[in-house]
Amino acid sequence: MSKPKTVADVIQFIRKEAIEVVDLRFMDFPGLWQHFSVPAREVDEDTFEKGLGFDGSSIRGWQAINESDMLVKPAPDTAFVDPFFAAKTLVLVCNICDPVTGEDYTRDPRNIARKAENYLRSTGLADTAYVGPEAEFFIFDDVRFNQNEHEGYYHLDSVEGRWNAGRVESPNLGYKPRYKEGYFPVPPTDSQQDMRSEMMLTLENMGVLIEAQHHEVATGGQAEIDMRFAPLVEMSDNVLKYKYVIKNVARKHNKTVTFMPKPLFNDNGSGMHTHLSIWKGDQNLCAGEGYAGLSETAMYMIGGLLKHAPALCAFTNPTTNSYKRLVPGFEAPVNLAYSRRNRSAAIRIPMYSTSPKSKRIEFRCPDPSCNPYIAFSAILMAAVDGILNKADPGEPLDKDIYDLPPEELAKVPQTPGSLRDALRALADDSEFLLKGDVFTQDVIDTWIAYKTVNEVQALDLRPHPWEFALYYDI
């Protein structure tokens, strides 16, 4: 039976495919998938129209205890059969609604993404924003961490880790990717091919189209699986499926996956380079006769992204760990400039193909710790703001940024140096996000407050292990 698209399709699919359980999923505010399940017989047309209740006060960043009741309303075109549960289970991604007013909940990340798509259409500029993220991740064999009043530590291990070149493994076969040399070696150095292929094929079976999978640059099991581009809300859904499948296939193999941007010191971090193009009908509005084959519209999009990049980082690089990756002089693109081919610029214009249909811009700052609904929406809002205000992106930077003399490099603006700085930038530059009521002031204020209290200040309070190496003998 083909993939369900309507409510009637879903009801028929449940019956014909003997579905036993329906799993209802939605996104919390910081960016983790949440779920609860009901027997399949409980799902009917009313489920989609009236929704099912749950306690919103228990979800991070959401309702207060005195107004806790919320509704999930499944989106029928998101249905897929879960590949991991023992009972035959149909998953439905849900939107969140207020049970009193019936309105979509403003802090629901998926609602923000839906509004971003609607805002783009309302401007008359374009019909569709296509997004293509390249999310990297690490596959580890063991992870231990703790922080309390008298100790703080983390320990990571991987059979691929170069640090294990001398470990007694009875036998140690020696195939450990060197630091920063994990990109594309064949097996046996690449020990994860079969697992990544299983991840890729599981995603394909769920309807998430994959373009490639490969080992990434770092030692210790860094990997990347590239999804084919899709409209903004659909791609946001797909990122959640992507993380879910990758983590659960790894667990099946007794491995663990992290999407932390910088889990390993002194090796490459995990980014999520994000490709963006906007279309009107079958016309790619990014294609033209200008620099690198771009249109004037695309140049304005770049101008908007560069102008608002510090504020965008609060959503696209939303963890304190993100700024261990975004460090000047290393591999991450901290310089707010654009270029064709030059991967050290924050915005790159890929030159793999000269076809107008493939023309797009690549924003290289984001990392996979972000909430995709919110991050992609913010990126689109910055690009649209650039078009509407004809933002000048300046001259391209086609030189090797790392070889620039200091006086020339000092003229190139950079991304914020910390999550605190990014949140301050967002507080100072959020007007472009409020257009079309895509982001509300409550969403922005809640994001800043939540991140400041639960992450920035929480980290400030705790001694760091390296501080003992620096200061214990003072």
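View 1. Residues 24 or more positions apart account for 67% of the contacts in the chain with a separation of 6 or more; contact means heavy atoms within 4.5 Å. This is a predicted model: local features need pLDDT of at least 70, side-chain atom pairs count only at pLDDT 80 or more, and totals for chains, interfaces and linings use all residues. Numbering runs from 1 along each chain as its sequence is written, and side-chain values use heavy atoms, without hydrogens and water.

**View 2. The largest nonpolar core.** This core holds 122 residues. Phe137 and Phe439 touch the most other members. Helix α6 (residues 296–316) supplies the largest share, 13 residues. A nonpolar core is a set of buried Ala, Val, Leu, Ile, Met, Phe, Trp, Tyr and Cys residues joined through side-chain atoms within 4.5 Å. Buried means under 20% relative accessible area (1.4 Å probe, protein chains only). Helices are DSSP runs of H or I, at least four residues, numbered from the N terminus.

**View 3. Surroundings of Phe439.** Residues up to four places away in sequence are not counted here.

**View 4. A second, separate core.** Five residues form this core. Among them are Phe138, Leu156, Ala218 and Leu264.

**View 5. Burial and extent of the chain.** Buried residues make up 53% of the 474 residues. The C-alpha trace spans about 65 × 60 × 50 Å along its principal axes.

Definitions and conventions: Buried means under 20% relative accessible area, exposed over 50%, partly exposed in between (1.4 Å probe, protein chains only). Helices (H or I, at least four residues) and strands (E, at least two) are DSSP runs, numbered from the N terminus.
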